Amino acid sequence: MVGLYHGTVAIGAREDKLRRDLRALLASWGWTVVGEASDGAGMLRLVQGAGPDVVVVDEELEGVDGLEVARRLGSEYAVVLVTPYPQGRALDALQDLWVFGLVTRPVEETSLRLALALATAGFQKVRRLEREVGELKEKLETRKVVERAKGILMEVLGLSEAEAY
């Protein structure tokens, strides 16, 4: 299980300085940077190939922007979006995206640390809930089969419900 302040991370940012700053901060906190990309297509390839625990992506990537990268990644990764604007397009898009954390530029250490903690914890909760839903679906299907079999036994053999169970 990934802790709140360590694991693997992929970084996507158009600006070299932003990528360097993010890499330095993340590495100093114990994160392993599995790769970096300056454009959206490269970011998608990187994430699909490396399978990081967390994806930190700047909204202003070249080509496919960070919002589209987040949309394409869906709920498969814990995405932290870096945006230059505290309001606007990114905030409007968040309701339709699986983004687990948001940081505004310039990136402040405390904000990034908090966004990573929230993204990691939130993503782990979603994964746990997905497993629980799967288990409940399986139990429901099993229950349906038992009920059908019970009904057949009651009808064919003339058993009471308690006897058929």
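## Reading a predicted model: patch, helix, cores and charged pairs

Modeller: We can begin at the surface, where Ile 152, Leu 153, Val 156 and Leu 157 make a nonpolar patch of about 390 Å²; please keep in mind throughout that this is a predicted model.

Biologist: How should I read the length of helix 5, and what span would be expected for it?

Modeller: One compares the distance between the end C-alpha atoms with the span expected at 1.5 Å a residue; helix 5, with 49 residues, reaches 71 Å from its first C-alpha to its last, which is close to the expected 72 Å. After helix 5 comes Gly 158, which has a positive phi, near 70°.

Biologist: Which residues of helix 5 are buried, and which elements do the buried residues of helix 5 pack against?

Modeller: The buried residues of helix 5 include Leu 112, Ala 115, Leu 116, Phe 123 and Val 126, and among them are also the charged residues Arg 127 and Lys 150. Their packing partners are helix 1, strand 2 (31-37), strand 3, strand 4, strand 5 (101-104) and helix 6 (161-164).

Biologist: Which residues of the largest nonpolar core touch the most other members, and which elements give two or more residues to this core?

Modeller: A nonpolar core is read as a set of buried nonpolar residues joined through their side chains, and in the largest one, which has 22 residues, Leu 26, Val 54, Val 56, Val 80, Leu 112 and Leu 116 touch the most other members. Two or more residues each are given to this core by strand 1 (7-12), helix 1 (16-28), strand 3 (54-58), strand 4 (78-83) and helix 5 (109-157), and helix 5 supplies the largest share, 6 residues.

Biologist: What is the general idea behind a salt bridge, and how many salt bridges are counted here?

Modeller: Side chains of opposite charge can pair when their charged atoms come close. In this model the count comes to 15 salt bridges. One of them joins the side chains of Arg 19 and Asp 16, at 2.3 Å from N to O; the two residues are 3 residues apart in helix 1, so about one helical turn separates them. Arg 19 is buried, with a relative accessible area of 12%, whereas Asp 16 is partly exposed at 46%.

Biologist: Which residues form salt bridges with Glu 68?

Modeller: Arg 71 meets Glu 68 in a salt bridge at 2.5 Å, N to O, and Arg 72 also forms one with Glu 68, where the closest N and O atoms are 2.9 Å apart. Arg 71 and Glu 68 both lie in helix 3 (residues 66-73), 3 residues apart, while Arg 72 and Glu 68 are 4 residues apart in helix 3, so they too are separated by about one helical turn. Glu 68 counts as partly exposed at 22% relative accessibility, as does Arg 71 at 48% and Arg 72 at 47%.

Biologist: Which residues are linked in a network of salt bridges?

Modeller: The network links Arg 14, Glu 15, Asp 58, Glu 60, Glu 62 and Arg 105. From Arg 105 to Pro 106 the peptide bond is cis, with omega near -5°, and Pro 106 has its place in the loop between strand 5 and helix 5.

Key. Residues numbered from 1 in each chain as written. Predicted model: local features only at pLDDT ≥ 70, side-chain atom pairs only at ≥ 80, totals over all residues. Heavy atoms only, no water. Core = buried A, V, L, I, M, F, W, Y, C linked by side-chain atoms within 4.5 Å. Buried < 20%, exposed > 50% of the residue type's maximum accessible area, 1.4 Å probe, protein only. Expected span 1.5 Å × (residues − 1). Contact = heavy atoms within 4.5 Å. Patch = residues over 30% accessible without salt bridge, like charges linked within 9 Å, V, L, I, M, F, W, Y side chains within 5 Å. Areas by Shrake-Rupley, 256 points an atom, 1.4 Å probe, with all protein chains shown as cover. Salt bridge = Lys/Arg side-chain N within 4 Å of Asp/Glu carboxyl O.
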